[in-house]
Amino acid sequence: MTRYIDEDLHGAEFRECDLTGARLIGVVMQDAVIDGLVTNLVVNGVEVTEYVDAELDRRHPVRVLIRSEDPGDLREASRQLHAGWAATIERIRRTPGIERRSVNDEWSAVQTMRHLVFVHDSWFRRCCLGSAELFTPMGIGTTVEPYRGTHGLDLSLDPALDEIVRVRDAQAAELEAWLDEVTAVQLAARAPVPDDDVWPPYARGRLVRQCLGTVLNETFEHHGFCVRDLDLIEAQDAE
């Protein structure tokens with residue numbers, strides 16, 4: 001384990017890092033931001049994860065629906081997520097050009113939506129439906145090779161907001177139509193992931209419900225990231 005002793009890490013940024021098992025002892029941590037998959041976090045002897053999760057559920061009740069095993073709850077979660085994105089897209093339209101701006105090296109709004117195009121193709125169509133069709137070309141996938149620009153993705157594309165929205169609306173309609181018919185038994189079945197070398201390779205062996213959970217969670221989390229960054233951009237412009 002790497003040890004940092006008496007180091008000045010003021011302003012340090014850890015991006016896409018695995019800090020599992022990390023111990024911060026005798027540290028000064030003021031105005032810090034932690035954003036990621038956090039479990040079993042102990043601060044000054046207090047396990048705080050449950051407090052954080054409860055507060056997030058209070059702020060975003062759709063999280064409870066996303067975790068449900070009931071198909072009706074999952075249908076409602078999908079509809080609320082789509083409605084949330086629709087409202088944010090209308091907000092974006094009120095400030096033309098903001099959809100292509102980014103802060104803190106994060107994705108812009110259009111890049112975020114293009115990533116969700118990829119998430120739908122990979123985690124829903126491939127993993128829930130068993131489709132072996134090519135991905136939607138405009139999608140932005142993982143940066144991991146050899147998956148980055150394969151299976152139909154076209155990294156040279158730069159689609160307009162309206163084009164992306166049309167694709168996302170069609171995907172949302174496809175997901176909701178499937179959720180209108182799916183049963184608890186189908187959700188509990190093994191995911192019909194095609195036997196090939198296309199993303200996501202680690203989905204094999206998972207249940208349909210787990211793959212659907214990835215779609216819903218990604219839709220929720222990336223909406224939060226998008227809104228966060230829009231707030232930052234608008235605050236900067238107001239200064």
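Tyr202 is partly exposed in this predicted model, with a relative accessible area of 42%. Its ring pairs with that of Trp123, and the geometry is tilted: the centres sit 5.6 Å apart, with 55° between the planes. The pair ties together distant parts of the chain, since Trp123 belongs to helix α4 while Tyr202 is in the loop between α6 (184–187) and α7, 79 residues apart.

In total, the structure holds 5 aromatic pairs. Another of them joins Phe118 and Phe135, whose ring centres are 5.3 Å apart; with the planes at 85°, the pair is edge-to-face. Here too distant parts of the chain are linked: Phe118 sits in helix α4 and Phe135 in the loop between α4 and α5, 17 residues apart. Both of these phenylalanines are buried.

Trp123 turns up again in the largest nonpolar core, which has 48 residues; along with Leu175, Trp178 and Leu212, Trp123 touches the most other members. The elements giving two or more residues to this core are α2 (62–67), α3 (71–93), α4 (109–126), α5 (161–181) and α7. As for Leu175, its contacts beyond four places in sequence are Ser78, His120, Phe124, Leu212, Val215 and Leu216.

Helix α7 (residues 208–238) also carries Asp229. Setting aside neighbours within four places in sequence, Asp229 is in contact with Val103, Glu106 and Trp107.

How values were computed: Residues numbered from 1 in each chain as written. Predicted model: local features only at pLDDT ≥ 70, side-chain atom pairs only at ≥ 80, totals over all residues. Heavy atoms only, no water. Helix = DSSP H or I, 4+ residues; strand = E, 2+ residues; numbered from the N terminus. Contact = heavy atoms within 4.5 Å. Core = buried A, V, L, I, M, F, W, Y, C linked by side-chain atoms within 4.5 Å. Buried < 20%, exposed > 50% of the residue type's maximum accessible area, 1.4 Å probe, protein only. Phe/Tyr/Trp six-rings, centres within 6.5 Å; stacked < 30°, edge-to-face > 60°.
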